[in-house]
Amino acid sequence: MSDIAIEIRGFSQYFGQVRKINGLDLDVRRHEILGIIGPARSGKSTFLCALNRLNDLVRGSRHEGAIVVEGRDIYAPDVDVVELRRRLGMVFATPVPLPRSIYENVAFGARRAGVRRRDELDAIVRDSLEKGGLWEEVLDRLESSGQKLSGGQQQRLCLARILAVKPEFILLDEPTSGLDPISTMKIEESLRRLKKDYTIILVTNNTKQAARVADRTAFFLNGGLVEVGPTAKIFTAPDDRRTDDYLRGRFG
Amino acid sequence: MAGPKKAGAGNRLERNDRLIRLALLVVAFSAVSVLLVITVFIVGQGTPIMFRYGFKSFLAGSDWYPSEKLFGLWPMIVGSLFVTAGALAIGVPFGLSCAIVLTEFASKRVRGLIKPVIELLAGIPSVVYGFMGVVILVPFIRRTFGGPGLSVLAASIILGVMILPTVISISVDALQAVPPSYREGSIALGATRWQTVKMVLFPAARSGIIASIILGMGRAVGETMATIMIAGNAAEIPRSLLAPVRTLTSNVALEMGYATGEHREALFATGVVLFVIIMVLNTIANATSAKRRKAP
Amino acid sequence: MRRLAPSAEEKAARAGLWALTLITVAVLCFIILFILRRGLPVLSFEFLTANPVDMGKAGGIFSTVVGTVALTVLAVLIAAPLGVGTAIYLTEYTWGGPVTRIIRFGAECLAGIPSIIFGLFGFILFVTKLKFGWSILSGGLTLAFMLLPTIIRTSEEAIKSVPPEYRKVSFSLGSTKWQTVTRVVLPSALPGIVTGIVLSIGRSIGETAATIFTAGSALRLPTSLFSSSRTMAVHFYILAREGISMPNAYGTAAILIIAILGINLLTYFLMNRFIRKYS
């Protein structure tokens, strides 16, 4: 088996008449952290939502090209979208705990997937919170509301929540954009730890974050890929002039 | 990777979702179906007699003597018109004032006091309004202005109060929908608050305010129990504000209890006239507020 | 006529607007206090639990309370599932289009139809055509149709105010549409939906024109869905209009007013909680 987990071939995404992604070609390797950087509105978030087909929920959504996840085109007619979304867990830019307890937030996906037994759920919740690096802080208040946690804790709760669904991929959409440096550091630590079990795609508006945690980095501009390569190379000797300009802060 | 078995389970869920969507669509048509069934029944019961006696004698005839097969609705049509006009003359100034005070002049605390009071106004049963008319307003009118007291004037005042919640809530919505920048721009140009209301907010919220008045009109035309109790119910065209009057709704409610045969059909015909008036008003209100929604 | 100076005009306008507003508030307070002052002395445990005697000249109003509750419960049990279902369809299962426009137009028109038309319709369909007679069933069905548009509109607003992010989160965790609706959207919208239902309970308690021709005006204690039963509002109307007993009329009116006050307080409380949650 090759080490390529996701192949994106000639993929374009439209919303009505507006084209947000334009003929994208990109490979994602298994057990890597792929960082995606680029100015606002360069199609980074739309790209993530194409991977788990959340774009389907937007009115007038339409695509061209193919996204192949572990050998199967995810837009093929017989694909089970619910199953697909479980395999590609997603963390959003602003943490959105559901109006439920911490426990129920984490157990949410597992319950929807049909896990009923309390001991099984208990184990899943504990395991996920541990992996998300939040267990120690909340173990004595699992029944209190997830919305009462601090911003950083909420985001780690969201991370734990997707781990509970046992995904293969973790998609993160600017997960630390609203957080303080310490919370950001904690999330980044968790990501490094999680790399060995998951393939991670990290969209970030903070180029330094990509430099810190990504194995490879892709630079998006105007809905297209400018270049992708090992993070060190992108940050020190990019092939494309525009990458260099962006990283030096000349635009974006 | 997902095996075929798992995908199959998921597809079953998707099929369930399709079934649910279909079931919800059927449920969603309940309101439309009810409207259709009501239309069919009222029109079906009420129009044959109109054809038999001719629309003209029905709508323009001024004598209502069911026992002698005289079914002229003209006095009731005029009655409904008078009472509704009176209700608007009283309800609109009060209602718009409340709406302006609530959105523009009242502090947050005062608004918190006035708003629930007005919501309460909407909750009071119409028979209670009618009763208040009977025990307070009608004797007052009889003593002060003479006449029987049960009159166009009494009905107008009570209906004017009853349409307040409709007028207020919809014009408040319309005024609140005016972008704050309009207000700020006007104040920044040195206009006073009242000038801002008069020159900027009212024109901007015009279609919503018109819709509120039309819907208030619908309420006044359709109100039954309060009108029966205070309007006097004489089936003749009123000669003054102090004369008794019978509305279309009263005509139905007063005689429905004992009417049979053609008489009952004639009451349904009254319902048809009422129904048509209401549907026209609804459609106008709907069109004006649709225009408002489309405006930038 | 000389034009007023802007500052004088401002003062006059403000005074006028405030005066009209305060008169409105005063009228309402007067109505409530007037009814309560004359009605409260009549009220007693006895008044609520004894059946009317001699057409309501003596005795209490128990059978009319039972009739009102039965009609209201039946109406809400029918209208709430239909109304909430319609709201779910309109907000979650469609992106607009002609079908949605037809449904909305139907609901808006239904909301404007006067209660006497509902009464006529219920009389001809349920009482005579379907031979339910003057009964709780006929009255409940008629009321349910009347309440439908209110419940649709308030539920739709409640569902719309649930943050869209909740839905995205739910879908991204592998929920189906229906799971998202039942596990995330409806629980969050519940206080708003309940507020709408409580409001419609208030409406059905006070309704007279639609119920008098469908549920009838029998004073006996109803025993089944097919019993005719007088509601409190109808009882009050008959007592007052036929001058049977003014004290008992005031007492019944006081109960109606207290019920409406309670319902308004309840919706106010629910709504405040709902708003605080999402703003």
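Student: How many salt bridges are there across the interface of domain 1 of chain C and domain 2 of chain C?
Tutor: The rule finds 0 there, a salt bridge being a side-chain nitrogen of Lys or Arg within 4 Å of a carboxyl oxygen of Asp or Glu. The model is predicted, so local features need pLDDT of at least 70 and side-chain atom pairs count only at 80 or more, while totals for chains, interfaces and linings use all residues. Side-chain values use heavy atoms, without hydrogens and water.

Student: OK, and which residues make up the side of domain 1 that touches domain 2 in chain C?
Tutor: That side of domain 1 has 6 nonpolar residues, 1 polar and 1 charged. Nonpolar covers Ala, Val, Leu, Ile, Met, Phe, Trp, Tyr, Cys and Pro; Asp, Glu, Lys and Arg are charged, and the others, Gly among them, are polar.

Student: Where are the two domains in chain C?
Tutor: Domain 1 spans 12-42 and domain 2 spans 45-277, with bounds from an automatic or database domain assignment.

Student: Switching topic: how many salt bridges are there between chain C and chain B?
Tutor: There is 1. C:Glu9 pairs with B:Lys198, and their closest N and O atoms are 2.7 Å apart.

Student: Which element of chain C gives the most to the side touching chain B?
Tutor: That is α1(C), with 19 residues; helices here are DSSP runs (H or I, at least four residues), numbered from the N terminus.

Student: And what kinds of residues are on that whole side of chain C?
Tutor: The side of chain C touching chain B has 53 nonpolar, 11 polar and 7 charged residues.

Notes: Residues are numbered from 1 along each chain as its sequence is written. Chains are lettered from A and ligands numbered from 1 in the order in which they are written. Helices (H or I, at least four residues) and strands (E, at least two) are DSSP runs, numbered from the N terminus.
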